[in-house]
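Colleague: I am new to this model. Please take me through one part of it closely, and then show me where that part sits in the chain.

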Amino acid sequence: MPGPDERVPSADTLLLDADAEQEAVLARVAAGQSLVVHTLPGTGGTQTVINAVGALVREGRRVLVVSARRSTLDGVRHRLAGVGLPGLAVSPSELQRDLVRAIGRNEKAVAPKVSEIDDALVRLRTVLRDYRSSLADRHDALGTSVLDILRELSALAQREQPPTTTARLDIETLVRLANGREDAAAKLASAARLGEFRIGPSDSPWYGVSFATTEQARSAHALAGKLHRMDLPHLLERGYVLLGQTHMRPFESVGELGEYLRLLQGIRDSLDRFSPTVFERPIGDLIQAHAPRRDTSTLSGADRRRLRRLSREYVRPGVHVGDMYEALLRIQKQRQQWQRYVEANVVPDIPLGLADVAVAWQRVDAELSELDAVLGRSGSQALASLPVKTLVRTLAGLAAESEVFENLMERASLRSELASLGLEPLLLDLSVRHVPEQQVAGELEYAWWQSALEHLLRSDRALLGANTAVVDRLERDFRLVDEAHAAASGQLLAAQLATQWRVGIVDEPHEAAALKQALREGRTSPRTVVSTAPTLMRSLAPVWLASPYDVPAIPDDLVFDVVIISDAASLSLAEAAPAIRRGRQIVALGDPVTQKPTAFRVAAGSPTVDDEPEQPFDDASVFERLAEILPVETLTRSYRAGGEDLAELVNGAFYGGEIVSLPWAGSYLGRGSLSVDYVEGGIGVPDPESGAVESPDAEVQRVVTLVVEHAVNRGSESLMVITASAKHAARIRAAVDRAFAGRSDVADFVARDSAEPFSVLTLEESVAESRDRVIFSLGYGLTRHGRVLSDFGDLSTSDGERLLTVGMTRARRSMVIVSCIRPGAVDDGRLAHGAASLMSILGDVERRARVSRHEDDGDPLMLSLAKELRRLGVAVEVNYRGLLPLVAHHQGKAVVAESDPETIGGSLRESLRLRPQILRRLGWHYVRVHSFDLYSDPGGVAQRIAGILGVTVESPVAEGDTQPIDVVA
């Protein structure tokens, strides 16, 4: 059977919610397999029966449900009525009433409109399922999941000195380092140890420069020193002096000084051939006169000749200018450049010492270019292009003694290897922040995990961009839609049966009329009804309920497709045989630990020796017999609210720890569900017939006191007294009646008619009963000499272990054991069977150790949240009992917080709707938190939880991190 998240809505039609174990059983039942189901206490045996009945009826099968307990059959009937299917199951003894209810249901049934609900369910389920998969599935290339990444990042954030790098790695680097970063971390640590990260870009201009040899590094450093101390200052000094002779503005860089010098040298060459007046008068017409004719078509021949003669007046005497056109163009360009560097109307003047400064500039420019090649500078970052002040500072840094040159080659080699891995962004960040050796590995881890998270968020749309507000809304909508879908299952089945009924009365009018007449006349024996309307009865009564002794009343020709035997461990094979022979498929449910077949006789008068049966009673149950030949399934998840301490005791003592249940909030808050009340003065004389000290007065009075206290303080909760002694039970009943006779305020507690009235029962009588609270009174005391006799009634028989288990599993919320006998008063080996087990249990209660803590195994995300909650003064436990990720309490309120890892394990229905319902029923305030929020804003999540617990700003806040304290359960 596909899981709830994969089933199409039309196939997801369970009448009641079911967990994975129950669904596995239902899948085998639907497949036609006969099997045995071991139903541990509180694991939903009746619920499984209801779901099996619904699934089988939907497939058109006829079902017989058999149980020796009237309460079980009534429970099935009531649960079916609760989902809108009254009269679906009929019983031979009340057939007329059940048929009338079934007909009424069929007449009123209307098919619910579920198409929109189902469409919404599919859409929401798809988005949330994809979101979960993207959270939990491991990325093929990275080898990790988003949840793993968030846990690792949270653990890194909780370090004493958490990494804070802003460097991010590309996907190629992430994949390259996915399978191991130990080697890269070791190289980073070695580089840090050699001082690689003690100097950053702002600390030395040599940062990041690599050299082929140490000699090359020393040569570059020496050149920088020479420039800084000699060549550059000499050039600047002479340059400023030189330009001081002109009207040119000061140069801003060595490169600009070179432009000045080239301009001055060009003007000097022009003045060697032309008179200075050429720089004073316009020469544009002269240039046109010497230009090729095709470029000067506007000038006449006469003008050209006149202007050419005029241009020769500017040439110095005795100088020949070969190409007047090019010479004039050059002068025009020099005039334009000159005007950029001087004020208007200033005539060029050649300063003294131009040649010497030009030589010095060429030497400095060549040296700066050599340094540029070493430093990897070019363009605007070239040294000659830097402003003079910046250049002086840069050269001062380059010339200064620096740690850069220590271990240069070793660090260069390591840096090259790390850069080849794609870690250049991290190397730069570590150098900027001067990260010490002991922290570089953490920085690498943080850079890898954070980069991986950001890559997955960018590349996987199913993660919804880590927008948890959207996820919250989707999950809230899913819960509403899924609940509406589940609630419609009963109505859908009712509508299906109604359609079959309406078709049937049209197709079989004679059967319909005969059935109507039989119901009017009261002729409603099973045989009469089945023979009157055999076809209609298949749709009208697809399910029959019967005790083993009512089965023969059902006609033999009524064949059942499936026979379900509930409480099968309390039936013998002989009792169950009439039902078994009627079915093609058998499903038996029961608990052999608490159930056992018992013989009984129906007769008047006192039993005699002649009344003993000819054949000895077979005490092997049909459950045991069928388990020998059929596959066995076990339901282990208990859903009983409360009684955690008691449940743990019973689970360990009788079920080998198989029962799985969630913790009760009351136990966490210190309200235990199991206590022992030792009564002093419980002595007496051994009974002449039984030889036991039975029903001590002091114990009777103590039980009565407890009953009165319960009626006064917890009158709305049901109560039952169980004892191992029939005499003790009778005396308690009488004493309770006397105690309540004059109490008008609580008299109604013992007299009222309710589904679970107050009762005083023996262990055997309590097998089919359960109550909110139970008082287990042993009913045996000490002799006058303080000795303990070996007879504890039914507990001392071979059936005592089972009866003790029955007694210990009747309470849903809490139990008080009342006893006059302490375990230390019993000699070793004196007691046997259930009596010995009871003393062992009492001893275990006295020796209960401290509650074991599992915080060291907690999720780092939850540990981060716990840290924030403790800062707010909230008591917190992480990984509580190994079952709940985080619990907290404040002023009597208890909250459980669950995140994505806890909700991903089961189906969407189970984790988002059913599990929170169960935890709320167990007394917890339930909070769903997201892993993304726990990592990005644990403080905000803590504030939210604190608000639920009623922690205000005025509440005391812990100065530091508080630690959990051990408590004694």
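Modeller: Four strands make up an open sheet with mixed pairing, and their order is 15-16-17-18. Bear in mind that the model is predicted. The edges belong to strand 15 (875–880) and strand 18 (925–928). Each of these has a single partner strand, so one of its sides has no neighbour in the sheet. From one strand to the next, the twist averages 25 degrees.

Strand 15 pairs with strand 16 over five bridges, in the antiparallel sense. Within this pair, Tyr880 stands opposite Leu884 of strand 16. The two strands form a hairpin, with three residues between them. Arg881 lies in the turn and has a positive phi of about 55 degrees. Is strand 15 mostly covered or mostly open? Strand 15 is mostly covered, with five of its six residues buried.

Strand 17 (residues 893–898) and strand 18 run parallel, joined by four bridges.

Helix 34 packs on it and touches strand 16 (884–890), strand 17 and strand 18. The direction of helix 34 makes about 150 degrees with that of strand 18.

Helix 34 also has a helix partner. Helix 34 (residues 908–921) packs with helix 5 (residues 115–136) at an angle of about 100 degrees. Their axes are 11 Å apart. Angles of 65 to 115 degrees count as roughly perpendicular, and helix 5 and helix 34 are therefore roughly perpendicular to each other. Helix 5 brings Arg125, Leu128, Arg129 and Arg132 to the contact. Helix 34 brings Leu908, Ser911 and Leu912. By type, the residues of this contact are three nonpolar, one polar and three charged.

Helix 6 (residues 146–157) packs with helix 32 (residues 860–871) at an angle of about 40 degrees, and their axes are 8 Å apart. That angle makes helix 6 oblique to helix 32. On helix 6, the contact uses Leu150, Arg151, Ser154 and Ala155. On helix 32, it uses Pro860, Leu861 and Ser864. These residues divide into four nonpolar, two polar and one charged.

Another strand pair can be examined too. Strand 11 (residues 719–723) pairs with strand 12 in the parallel sense, over four bridges. There, Ile722 stands opposite Leu761 in strand 12. Which way do the residues of strand 12 (residues 759–762) point? Ser759 and Leu761 point one way, while Val760 and Thr762 point the other way. All of them are buried.

Finally, step back to the whole chain. Its secondary structure comes to 36 helices and 18 strands. The chain has a radius of gyration of 48 Å, whereas a compact globule of 969 residues would have one near 30 Å. The C-alpha trace spans about 165 × 80 × 55 Å along its principal axes. Of the 969 residues, 50% count as buried. Take the contacts between residues at least 6 apart in sequence: 77% of them join residues at least 24 apart. The contact of helix 5 with helix 34 links residues such as Arg125 and Leu908, listed above for its two sides.

Technical notes. Residues numbered from 1 in each chain as written. Predicted model: local features only at pLDDT ≥ 70, side-chain atom pairs only at ≥ 80, totals over all residues. Heavy atoms only, no water. Axes fitted to C-alpha atoms, helices over the stretch in contact; angles between N-to-C directions. Parallel < 35°, antiparallel > 145°, perpendicular 65-115°, else oblique. Contact = heavy atoms within 4.5 Å. Nonpolar A, V, L, I, M, F, W, Y, C, P; charged D, E, K, R; others polar. Pairing = 2+ DSSP bridges. Rg over C-alpha atoms; globule rule 2.2 N^0.38 Å. Buried < 20%, exposed > 50% of the residue type's maximum accessible area, 1.4 Å probe, protein only.
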